[in-house]
Amino acid sequence: MSTADTTLGDLTRRQLHNLCRVVGMDRTDPLRLLGEVLGAARDRPLSRPPLWPSDIADDATPIEYSVQVDDGGGRHLRILAETLPAAPGPAANLRAAQHLVTALAERYDLALDQLRAVEDLFSPEEPQGRFSWWFSFIFDADGRPRFKIYFNPDVRGADHAGEVVREAFNRLGLDGAHPTVVDYALRREADRLTFFALDLDNSPQSRVKLYVSQHDACVDDVERAASAVPGIDRYQVGDFCRTLAPGVERFPGRPLVSSYSFVEGDREKPSNYSIYLPLRDYVPDDSVARVRVRQHLRRHRIDPAMLDEVIGALTDRDLAARAGLLAHVSVRLSPDQTGTTIYASSEAYAGTAPEN
Ligand code: TRP
């Protein structure tokens, strides 16, 4: 599919173009934003190693696609991305992300009050951990974007993650949030704060989101995490895990991740819970991953044909060759709605990932 001078920008543009077609949305904003967020990585030939070992994807590709489908049928296309400057490094990457926020804020009239209230916590001079700020662009049926920013709780060192997150919640008027998360999802030594995320818009649905990686967790541990949200059926979380990873009692590979969303009006208790399952670690290859995801979609009365369209938009490789294309699957549970998101890799560098 690629020649020697194909760049990361060429490949991902083609993939995103195809995805917009299968999801049925206008591609003007998606393609433009893709080019911008790739930054200095965009014009780099794929024959050269990745510019930076981004943790967005296993092979260091700095973007990941996802398709979100509500049980009601509504669809969104999303891109998760790390923007990279020409001379990347922890501090330079953070500055590149800050510049991109400023540029996007002007063009899209973003609401930055919440970001401004907490950004210093997540912007030390010498950032630590796997990243500082990531972006997600969430496109609606018309291809219009909404923006989300992910901060790294470990950016001041893993020992400070708890304080940083507590302070961020407090500054946003969510004093009760941190104790709830501690009670329900940070009960074990192996439960780790992973992302603190903000929607950059002013709507009442605008979310403050916290993600916890639950290493080595059992289904009971994530059901317990889900029970923080009033009015949802925690056992759906177990059904989800058993459909995607049948026979797995404990998840010793990449961790299950629990997330909570707090919206306007939420105090101690969040109003939705999501579970993310890193499917690629619990299948022999993507042909098996595909069958499992189809089963999950059918149970949720979502047409499984869309999965093959998404796969076909990204690659024509033999699915049985390896795992990794279907990276994660998540379900989002709120009292009035359930939705599924499928995270798919670009695999731009698959097979050439640097050792790190
Ligand atoms: N690649 C990282 C991981 O797997 C970060 C990441 C990308 C992630 N997409 C995700 C984490 C979706 C959870 C869910 O941990």
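I took a nonpolar core as a set of buried Ala, Val, Leu, Ile, Met, Phe, Trp, Tyr and Cys residues joined through side-chain atoms within 4.5 Å. Buried means under 20% relative accessible area, exposed over 50% and partly exposed in between, with a 1.4 Å probe and protein chains only. The model is predicted, so I noted that local features need pLDDT of at least 70 and side-chain atom pairs pLDDT 80 or more, while totals for chains, interfaces and linings use all residues. Numbering runs from 1 along each chain as its sequence is written, and side-chain values use heavy atoms, without hydrogens and water.

Core. I found 102 residues in the largest nonpolar core, where Phe122, Phe196, Tyr260 and Tyr273 touch the most other members. A second, separate core has 11 residues, including Ile56, Leu80, Tyr150 and Tyr276.

Ligand. I listed the residues near the ligand (a heavy atom within 4 Å); among them are Asp55, Ile56, Glu64, Leu80, Tyr276 and His328. I then looked for polar contacts, that is, pairs of N or O atoms within 3.5 Å. A polar backbone atom of Asp55 is 2.7 Å from a ligand nitrogen. Glu64 places a polar side-chain atom 2.7 Å from a nitrogen of the ligand. For His328, a side-chain N or O atom lies 3.1 Å from a ligand oxygen.

Cysteines. I counted zero disulfides, taking one as a pair of cysteine sulfur atoms within 2.5 Å. Cys218 is in none, and the nearest cysteine sulfur, that of Cys241, is 11 Å away. Cys218 counts as partly exposed because its relative accessibility is 29%. Cys20 is at 1% and therefore counts as buried.

How values were computed:
A polar contact is a pair of N or O atoms within 3.5 Å; within protein, one must be able to donate a hydrogen and the other to accept it, and residues adjacent in sequence count only if both atoms are side-chain atoms.
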